[in-house]
Amino acid sequence: MTITARASLAGVIGWPVAHSRSPLLHGTWLERHGIDGAYVPLAIRPEDFATCVPALARMGFAGANVTIPHKEAAFALCDELAPSARRAGAVNTLVFSDGRIVGSNTDGAGFMANLRAHGVDPAAGPALVLGAGGAARAIGAALLDAGVVVHFCNRTGERAARLAAQIGGGVIGWDDRAAALGDHALVINTTSLGMAGHPPLTLDLARAPAGLAVADIVYVPLETPLLAAARARGLRTVEGLGMLLHQAVPGFAAWFGVTPMVDEALYRAVAGDLLA
Ligand code: ATR
């Protein structure tokens with residue numbers, strides 16, 4: 001689509017950024033809604049982040065997404081932080097508004113929206129969060145804020161204990177993860193295990209209750225070995241790509257003024273690119 005001199009501008013800041021699917025995702029929505037706007041990749045080095053972000057605001061950008069490795073730097077740089085960002089300790093969405101840089105974190109809400117889109121009620125019972133990194137923190141906080149009982153389970157136990165002390169929830173030992181499934185309605189892999197090029201997550205589903213929902217935030221491959229094993233057992237599964245799509249909605253709405261839909265066509269467009 002062509003743009004005019006009045007186009008609204010946004011983008012994704014990362015280093016590197018070439019792997020990001022966000023330009024395709026937002027570009028699909030811009031096209032769908034016939035919006036005079038552009039969403040571009042912004043390859044910014046860590047040492048340049050603090051000078052480039054205010055410059056983007058002064059250049060008239062409406063805002064930007066922030067991805068690896070800048071999410072904590074964005075947190076430190078914002079003039080204003082939404083509660084979601086404070087809870088997550090990281091920022092993935094910037095809105096430039098009246099000379100101020102406003103940061104939020106949409107990962108937790110994106111995860112919850114994806115759960116609901118799959119017909120999984122997060123309030124059905126306790127959730128077991130595997131991992132204790134940034135993604136575990138954003139997702140754990142969103143679940144806790146929705147009133148869900150959360151247990152963190154991480155290879156490095158102290159990290160899970162530190163996270164639980166900061167945001168709430170309990171801790172389960174890494175070696176007890178399979179035995180603990182029976183006490184949970186939802187298990188979520190937030191580690192890098194199962195991602196292409198990484199070892200799979202070993203989780204024996206033999207003792208999983210029939211009502212257990214299994215979610216993964218890894219989306220390369222689209223179906224991780226964990227999700228394939230869960231599906232083979234007839235368990236409900238929630239794949240990671242949906243979270244990526246849903247976490248993008250609030251930024252697009254803020255920058256371009258339209259709340260876009262996450263639907264099958266969008267999923268196919270991004271999944272098709274991942275498989276290409
Ligand atoms: P992010 O911020 O994206 O969540 P991270 O902070 O690097 O990334 O966290 C990665 C998570 O994957 C951690 O929970 C990590 O466990 P440790 O805290 O013990 O390092 C987990 N992880 C990575 N490789 C793992 C492996 N081989 N076995 C178990 N957990 C692993």
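How many salt bridges does the rule find across the interface of domain 1 and domain 2?

Guide: Happy to look at that with you. The rule finds one salt bridge across this interface, a salt bridge being a side-chain nitrogen of Lys or Arg within 4 Å of a carboxyl oxygen of Asp or Glu. Its partners are R87 and D145, whose closest N and O atoms lie 2.8 Å apart.

A word on the basis: this is a predicted model, where local features need pLDDT of at least 70, side-chain atom pairs count only at pLDDT 80 or more, and totals for chains, interfaces and linings use all residues. Residues are numbered from 1 along each chain as its sequence is written, and side-chain values use heavy atoms, with hydrogens and water left out.

Domain 1 covers 8–105 + 242–275 and domain 2 covers 108–239, with bounds from an automatic or database domain assignment. Their centres, taken over C-alpha atoms, are 25 Å apart.

R87 returns here: together with M243 and H246, R87 supplies 48% of the area that domain 1 buries against domain 2, more than any other three residues.

How values were computed: Buried area = accessible area lost by both parts, 1.4 Å probe.
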